[in-house]
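Me: I would like to learn how to read a structure such as this one. Please show it and take me through the features in turn.

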Amino acid sequence: AFGMLEKYKVRLCAKGFRQVSGVDFDEIYAPVTKHVTMRTFLAFVAANDLELKQLDVTCAFLNGDLDKELFLAIPPGYEGVYPGKVLRLKKAIYGLKPAPKVW
């Protein structure tokens, strides 16, 4: 606050643009909807006097278990700490192509 550093935060992200289809993942899933579908759904809720609630999951991609073994190179700055090692992912992280589907 007020330009003062309160704490450091870090988030490990995968370089999704370097993933190869068929090798790193088999299929992609993007949970999106069309405007027509949303309007129809909202009209149905309004017409039947139903109550609608919204759910926003801030860390949804971090909760999915991966079905394939995926490995990640050590992030910059840690290569000297773990020389010759890689990270094996057990859970999905931001940037993975299959992350939305495993959630």
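Reply: Start with the elements: helices (H or I, at least four residues) and strands (E, at least two) are DSSP runs, numbered from the N terminus. This is a predicted model, where local features need pLDDT of at least 70, side-chain atom pairs count only at pLDDT 80 or more, and totals for chains, interfaces and linings use all residues. Residues are numbered from 1 along each chain as its sequence is written, and side-chain values use heavy atoms, with hydrogens and water left out. Just after α1, D49 has a positive phi of about 50 degrees.

Me: In what order do the elements of the protein run from the N terminus?

Reply: The order is α-β-β-α, that is, two helices and two strands.

Me: Why does the span of helix α1 agree with what it should be?

Reply: The expected span of a helix is 1.5 Å times one less than its number of residues. Helix α1 (residues 35–47) has 13 residues, so it should span 18 Å, and its end C-alpha atoms are 18 Å apart.

Me: Which residues make up the largest nonpolar core?

Reply: A nonpolar core is a set of buried Ala, Val, Leu, Ile, Met, Phe, Trp, Tyr and Cys residues joined through side-chain atoms within 4.5 Å. Buried means under 20% relative accessible area (1.4 Å probe, protein chains only). Here the largest core has eight residues: A14, L66, L70, L72, L89, A92, I93 and L96. Strand β1 (residues 65–73) gives the largest share of this core, three residues.

Me: What does L89 touch?

Reply: Contact means heavy atoms within 4.5 Å. Leaving aside residues up to four places away in sequence, L89 touches L66, L70, L72 and L96.

Me: What share of the protein counts as buried?

Reply: Of its 103 residues, 18%.

How values were computed
Buried means under 20% relative accessible area, exposed over 50%, partly exposed in between (1.4 Å probe, protein chains only).
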